[in-house]
Amino acid sequence: MKLRNNIVCLMLMLAVTAGVHAQKVQNTYSTEQEKWVQQKSVNFQASKPDQQADIVIYSTEKQQQIKGFGGCFNEIGWEALLSITPSERDKVLKELFTPNGANFSFCRTPIGANDYSLSYYSLNDVPEDFTMSNFNIDRDRYILIPYIKEAQKIRPDLQIWASPWSPPAWMKVNNHYALRSGKLNGHTNGLTKEKEILNNSTAFRMEDAYLKAYALYFSKFSHAYKNEGVNLKAICVQNEIVYSPHWSSCTWRPEDLSYFIRNYLGPQFQKDSLSTEIWLGTINGADPNYVRTILNDKATAKYISGIGFQWDAKQAIPALSKEYSQYPMMQTESECGNGEKNWKSAEYTWSLINHYLNNGMNYYMYWNMVLDPSGKSTWDWVQNMLISVDKTTKAVVYYPEFYIMKHISHFVLPGAYRLKTSGGKDHLAFVNPDGTTVLILVNTTDADKTMKVAVADKIVELTVQAKSFNTLTWK
C-alpha cells in the first residue's frame, strides 16, 4: 500500500512539473518596421530562490474590471469611409470591430455637432421650441447612424454612449454653438468678441423653461436612437465641461450642472422609464473638487451611474478613483495629437492608457477611428487617427496608434480584471473571463531587453525588441 501511495505521489509531482514546463507564453509584437508578428512561444520554468524578476504578476489580486475599449463615430470619418468600395469599407470596419481585429466593444457618438462634424447643427434649431415639437435626428439617419449600423452588423453586441458638445444655440446665453471666435471651414465662425465666454461660467440659460426643454431633448434623443436600433448605454451630459474653444462647446459651473441633473434630467429620465444611464462628464479639469461638488450632493448623485474623464482630468483621477470607487469610470477621449501619426504618438497613447488603467478606469476610448489623411477638423485642427482613408487614391493606412490599441483591445476582453503587478510604466496585466492571463509589455528604449516575468512560483525569460509593443498570453 505504501509503495502504491509513493508511486501516486511521484506521478502527481511529475504532472505538476510537466505542467509548469509546458505552460507556453505566446507573444505578439509590433515595431515600426514589423506589425502584428507572432513570435516563437517560450515556456515558463519553475523559479529558483536566487532569481530576480523584472515584472511580478500577482495573479490572485484582481483590481478593477475592464468593460470595454473603443473610439468615436464622427461625420468626417464616415465621409472618408464612403469614398471606398463597400468591400474595402467592410475590411476596415472588421479591423476595428471583429475579434480578429481590434475587437472594439464600446464606442461614442456625438449628440449634435462636434469638431469632426461637417458643420454646426443640433437636433432642434428652432428657437424657443420648449416642447421639442421640431426635434429630429434626420441628419443622423443620413450620416452617423449608418456608420454605427455598419459596425453593429459586424459586432451586434456593440455598446454605444453619447454626449453633446453644445446644446442648441438658442439654449445658450450667447446664442451660438461656440464659446470663442475662430474659424469654421476656413471662414469666421460668426461669434463676436463681446459674446465670447472664456471664464468657465455657465454658458447655458439657467431658466426653468430651457432646463426642462434640454432634459426633454436628451430623452427624445435616447428614444429616437432606440427606434433606429441603437440602444444607448449612457449619456455624458456635456463634453469637456471646462473648455471654451471655437467649435461646439458649453461650460457649466458644477453647482449648475448638479442643479440640472438633480431637478430636470434625472427626473425626466425616470419619468420616461429610460434604461440609458446618466454619467457625469466628460470631466476635463484637473481640480477634483468639480466632481466632488456634484457627487457629494446625494440628491444629484442618485441619478448618476458613472463618471467620464479626459485630457487634464488625468491629474484628478488618482484621488477621485479612490474616493468614488463605487462608480464605473471611463477615459472618454484619448488625447488626439496634432497630426503626427507616428510611433512617438503611439508611445504617448500607451502612457495615457497605462496611467488611466492603473488608476481604476473600466473603459478606454480612442478619439477618431477613421479620417482622411489630413486629419483636419471642420475647425482647422489637424489631429491623429487610427486609420486613414484617402478619398482620392483610396489608399487605407493603419497607423501606430491603431496597433497599440489593438495590442490591448484584441486580447483584453470585456469582463477581464486588471491584475496587481510589481508596478511600472512599461506593462499592464489582466486576466480574462476564460482564465487567460494577458501581459501588455512596451519597450520604449532603443535597445532590445532581456526580461524575466514571474507568476507565483514560475518564471519566464524573453527578449523584448527595441521600440516595440508586445502582448504576452498564457493559460
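Ala, Val, Leu, Ile, Met, Phe, Trp, Tyr, Cys and Pro are counted as nonpolar, Asp, Glu, Lys and Arg as charged, and the others, Gly among them, as polar. By these classes, the lining of the largest pocket holds three nonpolar, eight polar and two charged residues. The model is predicted: local features need pLDDT of at least 70, side-chain atom pairs count only at pLDDT 80 or more, and totals for chains, interfaces and linings use all residues. Residues are numbered from 1 along each chain as its sequence is written, and side-chain values use heavy atoms, with hydrogens and water left out.

Pockets were located on a 1 Å grid over the protein atoms alone; a pocket is an open set of points where a 1.4 Å probe fits, with protein on both sides within 12 Å along at least five of seven lines, and lining residues have an atom within 4 Å of a point. Grid points are joined across faces, edges and corners, and a volume is the space filled by probe spheres set on the points. The largest pocket has a volume of about 230 Å³. It is lined by 13 residues, of which Gln64, Ser321, Ser325, Asn359 and Gly360 are the closest to its centre. Strand E4 (55–66) and helix H10 (317–323) each supply at least two lining residues. Helices (H or I, at least four residues) and strands (E, at least two) are DSSP runs, numbered from the N terminus.

Of its 15 lining residues, Glu240, Tyr243, Trp311, Glu333 and Trp381 are the closest to the centre. This lining comprises eight nonpolar, three polar and four charged residues.

Glu340 sits in the loop between strand E13 (329–333) and helix H11 (343–358). Its relative accessible area is 39%, so Glu340 is partly exposed (buried means under 20%, exposed over 50%, partly exposed in between; 1.4 Å probe, protein chains only). A polar atom of its side chain lies 2.8 Å from the backbone nitrogen of Asn338. Beyond four places in sequence, Glu340 touches Ser345 and Asn384 (contact: heavy atoms within 4.5 Å).

Thr421 belongs to strand E18 (residues 416–421). Thr421 is buried because its relative accessible area is 18%. The side chains of Thr421 and His427 form a polar contact of 2.8 Å (a pair of N or O atoms within 3.5 Å; within protein, one must be able to donate a hydrogen and the other to accept it, and residues adjacent in sequence count only if both atoms are side-chain atoms). The backbone nitrogen of Gly423 lies 3.0 Å from a polar side-chain atom of Thr421. Outside four places in sequence, Thr421 contacts Val56, Ile57, Tyr58, His427 and Ala429.
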